[in-house]
Amino acid sequence: MSLSGSKKYEVLVIGAGHAGCEAALAAARMGCRTLVLTANIDTIGLMSCNPSIGGVGKGHLVKEIDALGGEMGKAADTAAIQFRRLNTRKGAAVQATRIQADRQNYRTYMKRALESETNIEIKQAMVEEFLVDGKKVAGVKTSLGERFFSDTVVVTPGTFPGGLIHIGLTRVSSGRAGEAAAGAISNSFEDLGFTTGRLKTGTPPRFDGRTIDWSKLERQDGDEDPMPFSFSAEKITTEQMPCYITYTNEKTHRVINENMDKSPLYSGLIQGIGPRYCPSIEDKVVKFPDRNRHQIFLEPEGKNTCEIYPNGISTSLPIEVQYEFSRTMEGLHNVEIMRPGYAVEYDFLDPTQLGGTLESKLLANIFFAGQVNGTTGYEEAASQGLVAGINAALRVKGKDSFMLERSEAYIGILIDDLVTKGIDEPYRMFTSRAEYRLILREDNADLRLGELGHSIGLVSDERIEELRVRKTALENELERLENEKVFPNEKTNRLLEDLGSQKIRKPQSLKEILRRPGFTYEMLGFIDSAANPHISTKLGAQIEMEVKYEGYIKRQKEEIGRLQKLENMKIPLTFKYGDIPGLSNEIIQKLSRIKPESIGQASRVSGITPAAISVLLVHIKKTRGPEREIQLKSSSPS
């Protein structure tokens, strides 16, 4: 195929949702000529489902995106209308940030961010076909017959491939309400040899807030001193809006049960698998028959709209049934529906066909990110988009690829889970997926990842210098707390008793005092004669966490060190597992299909036994020889 005579880009991004925006911004900021093709320019960065960002596990992803130089955290802070810190009474590892966003402000912010980048060109077009040159993807063809050529392509089509919307027994070809599905691109996936499947997600009806009796509902306000997502933000001064809480009841459940034959989910019309952790209200009623109520959060969609998002009643029942069950709930007896809830089925790619860079193992120079890889949620999509965009840019520049280990970031866990284990339902991030939760906290995301973001060109010199100053202050203060002693005397013990803590009978370090249950870094200032007045409240909280969990953190780091040996033992993509005696046919088939990039990754493939890993280790050690290194990263797939 000749590429001559056409304008050529370095990175081409298909789609401009959360994954596409991060991919395009990363590539452009790394100096690549980037083209964004989207079916509708007006929906760039659209929050198509719930008007919120973050949450437990998801908030960690947003913090990491920001630490690496991504945009989601800044957009969330700008568009936020409520901030809430979750799990504040639990351990530091599971504390997380969540915001309610003004959907239109978020979309406007992201559209402006893309348009402000001189290296980004945006065109409204529907991609139908991939252009292939040998074993490499070289561009795309649109529904209008246009051809765009590029060194790399990042595919982020969301729920549009093969999209099919269900409302009751009515089905409409669509990737999102009011927007056409992308059927041709699904066919193109199959033509290229990719294995695809069907998934399902859904949304609740949107209510007219003017028809809700707010006086009968429980009010939920945001935090008084909100914590921003972006590490570059100093303070949030935005006026916040409240959410409200109502509940389903026995009458609600009776209406749903009586109309279950009209649900496409239970009548067999929907074949795709839905998210286990975000079930429809029909699923909740059927699977939890003993529960007489379910909590529903009424979330405002923005400051300049009366539209309300009822989080917790995702449904695909007919519109008349949606009215009937909605009006059984407290405060909603006269509610009007502005948009009906619906379920959407769509095609996804088996993510085990991708490497840790999110590049295809079948063809070079094509990367996939977002819901097309089987994930659910804005944060999971944006994380993948950032990594795919970074790696596309690095490929263009001829530099080593970028991958995050499970021990480095939740983003690393997300991608490793996808490409190693695959999915049998839409994937959602939880803190329970992380083996090293105490190390991978929200508060230290920039300390963990800031230098990486700077090294690839996404974190500015100014921001990295501020980070280094803060990191030095943290280390110096931890060292001082280790060495500074508190001696038992009348004044010190009286202060300790006033602070609700036990007296001391022998000299103790400030670190030992701070490690006491219930003792805070702020309290330490009352007995610390050499306290540093320049330590900020945020840094003080970070110091406190490092001290209180020091023993656990040390043990986790030691475990990471031991397991890193397996991660460092590389396996080439062309490795022939059938040549190894002692492996069963099932294990050979799994390893040959997944093509793990290291012994560590092979050990996490579903169904691979410790005995198989031992056999593989012996064979790898024999074949690599004393001098030969087996490489994990290759410049292109086989």
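This report walks through some salt bridges, a cavity, a strand pair and the cysteines of one predicted model.

Residues are numbered from 1 along each chain as its sequence is written. Because the model is predicted, local features need pLDDT of at least 70 and side-chain atom pairs count only at pLDDT 80 or more, while totals for chains, interfaces and linings use all residues, and side-chain values use heavy atoms, with hydrogens and water left out.

## Salt bridges

Let's start with charged side chains. A salt bridge here is a side-chain nitrogen of Lys or Arg within 4 Å of a carboxyl oxygen of Asp or Glu. How many salt bridges does the structure hold? There are 42. Three of them are set out below.

| Pair | N to O distance |
|---|---|
| E117 and R29 | 3.0 Å |
| D66 and R463 | 2.7 Å |
| E115 and K111 | 2.7 Å |

To place these pairs, you need to know how helices and strands are named. They are DSSP runs, numbered from the N terminus: helices are H or I with at least four residues, and strands are E with at least two.

E117 and R29 form a salt bridge at 3.0 Å. E117 sits in the loop between α4 (103-116) and β6 (120-124), and R29 belongs to helix α1 (residues 18-29), so their contact ties together parts that are 88 residues apart in sequence.

How open are these residues to the outside? The terms used are buried (under 20% relative accessible area), exposed (over 50%) and partly exposed (in between), with a 1.4 Å probe and protein chains only. E117 has 19% relative accessibility and so counts as buried. R29, at 28%, counts as partly exposed.

The side chains of D66 and R463 also meet in a salt bridge. This pair links distant parts of the chain, with D66 in helix α2 (residues 58-67) and R463 in helix α13 (residues 461-483), 397 residues apart. D66 is buried, with a relative accessible area of 0%, and R463 counts as buried at 18%.

The E115 and K111 pair has another setting: both residues lie in helix α4, 4 residues apart, which is about one turn of the helix. E115 is partly exposed, at 46% relative accessibility.

Salt bridges can also join into a network, and R406, D416, D417, K421, E435, E567 and R604 are linked in this way.

D66 brings us back to helix α2. All of its residues are covered: 10 of the 10 are buried, so α2 is largely enclosed by the rest of the structure. Just after α2, G69 takes a positive phi of about 105°.

A67, another buried residue of α2, is among the residues that line the largest cavity. On a 1 Å grid over the protein atoms alone, a cavity is a set of points where a 1.4 Å probe fits but cannot get out, and lining residues have an atom within 4 Å of a point. Grid points are joined across faces, edges and corners, and a volume is the space filled by probe spheres set on the points.

A search of the whole structure finds 1 cavity of 30 Å³ or more, and the largest cavity holds about 70 Å³ of space. Which helix gives the largest share of its lining? Helix α13 does, with 5 residues. Both α12 (445-455) and α13 supply at least two lining residues each. R463, the salt-bridge partner of D66, is one of the lining residues.

## A strand pair

Strand β4 (residues 80-86) is mostly covered, with 5 of its 7 residues buried. Two strands pair if DSSP finds at least two bridges between them. β4 pairs with strand β5 (residues 96-101) in the antiparallel sense over 6 bridges. Within this pairing, A80 has A101 of β5 as its bridge partner.

## Cysteines

A disulfide is a pair of cysteine sulfur atoms within 2.5 Å. The whole structure has 0 disulfides. C32 is buried, at 1% relative accessible area. For C306, the closest cysteine sulfur is in C243, 16 Å away, again too far for a bond. C306 is partly exposed, with a relative accessible area of 25%.

Methods. 1 Å grid on protein atoms, 1.4 Å probe; cavity = no way out; pocket = protein on both sides within 12 Å on 5 of 7 lines; lining within 4 Å.
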